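Visitor: I would like a close look at one part of this model. Please start with a loop and then go on to what else can be read from the model.

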Amino acid sequence: MNECILLIVKPDGMVKGLAGHVLRRFEETDLKLVGARLARVTRELAATHYHHLRDKPFFDELIRFITGELHGGQDTVLAFAYTGEDAVSKGRAIAGATNPEEADYRSIRGSFGRVTTKGVFENVVHVSSDAIEGEREIKLWFSPDQVTADLFPAVVRDGRRQWTDPGGPKTRTGPWPEEKRPPRTRV
Ligand code: IDP
Ligand code: MG
């Protein structure tokens, strides 16, 4: 099945100089790179991205991690959009299991991740967990003009191209928060 995924080199991967390694591993697949950007991770973007984990005890620490607070203020990450056959399973295999201690030692997380004493999994990369999340996340991190393929429907609104449905399909873990939707303007 053709799928889209978001890959992020998280702040720990950025400060450890692993961006090139991560990109190399993905270059070895047949997935097509359709978007790349250096993104600043604000608390709002982080909370929206990890919306499904908002009730977890480690949520605050996770937000501090992904915004770079735990890595010397590394507030930028590299974000990539890929598309291709079985992109989710291919990408997740390269990344490894969420918990670096349980990840295959040949995977990126198994090789370079760690569990901190505060219990955060510093696991170097993010890879979308399924195609629905892949769509939601790519729409969150990229505008239609920042990807080189027509991945999802887009419209011109307020003079610029935007995703027709910014949130994408609702996730299985809860509804898209209503307050995060940009207000619809009448033409
Ligand atoms: P995934 O990144 O493998 O898709 P998710 O469950 O979506 O895993 O969790 C997002 C991120 O939250 C993980 O990559 C990891 O950094 C962190 N995380 C998830 N579960 C735990 C946990 O039980 N303890 C600490 N950190 C966690
Ligand atoms: Mg996930």
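Visitor: In which loop does D158 lie?

Guide: D158 lies in the loop between β7 (154-157) and β8 (160-163). Here helices (H or I, at least four residues) and strands (E, at least two) are DSSP runs, numbered from the N terminus. Before going further, note that this is a predicted model, in which local features need pLDDT of at least 70, side-chain atom pairs count only at pLDDT 80 or more, and totals for chains, interfaces and linings use all residues. Residues are numbered from 1 along each chain as its sequence is written, chains are lettered from A and ligands numbered from 1 in the order in which they are written, and side-chain values use heavy atoms, with hydrogens and water left out.

D158 is not a glycine, yet its phi is positive, about 55°. Most residues other than glycine have a negative phi. D158 is exposed, with a relative accessible area of 55%. On this scale buried means under 20% relative accessible area, exposed over 50% and partly exposed in between (1.4 Å probe, protein chains only).

V124 also has a positive phi, about 70°, although it is not a glycine. V124 sits in the loop between β5 (121-122) and β6. V124 is buried, with a relative accessible area of 0%.

The buried residues of α5 (residues 87-95) are A87, V88, G91, I94 and A95. They are on the same side of α5 because they cover an arc of only 135° around the axis, the arc being that of the directions from the helix axis to the C-beta atoms. Their cover includes β1 (2-9), α2 (19-27), β3 (76-85), α6 (108-112), β6 (125-127) and α7 (131-141). After α5 comes G96, with a positive phi near 95°.

One of the buried residues of α5 is I94, which has a relative accessible area of 10%. Not counting residues up to four places away in sequence, I94 touches R25, F26, T29, S107 and I108; contact means heavy atoms within 4.5 Å. I94 and G110 are 16 residues apart along the chain, and their C-alpha atoms are separated by 9.8 Å.

G110 is in helix α6 and is partly exposed, with a relative accessible area of 24%. Leaving aside neighbours within four places in sequence, G110 is in contact with P100, A103, D104 and Y105.

Last comes the ligand. Ligand 1 is surrounded by 13 residues, the closest being K10, R92, T98, G119 and N123; a residue is near a molecule if one of its heavy atoms lies within 4 Å of it. By class, this shell has six nonpolar, four polar and three charged residues. Ala, Val, Leu, Ile, Met, Phe, Trp, Tyr, Cys and Pro count as nonpolar, Asp, Glu, Lys and Arg as charged, and the others, Gly among them, as polar. A polar side-chain atom of T98 is 2.5 Å from an oxygen atom of ligand 1, and for R109 that distance is 3.0 Å. In the side chain of H52, an N or O atom is 3.1 Å from an oxygen atom of ligand 1. The protein covers 82% of the 520 Å² of accessible area that ligand 1 has on its own, by the Shrake-Rupley method with a 1.4 Å probe.

Definitions and conventions:
A polar contact is a pair of N or O atoms within 3.5 Å; within protein, one must be able to donate a hydrogen and the other to accept it, and residues adjacent in sequence count only if both atoms are side-chain atoms.
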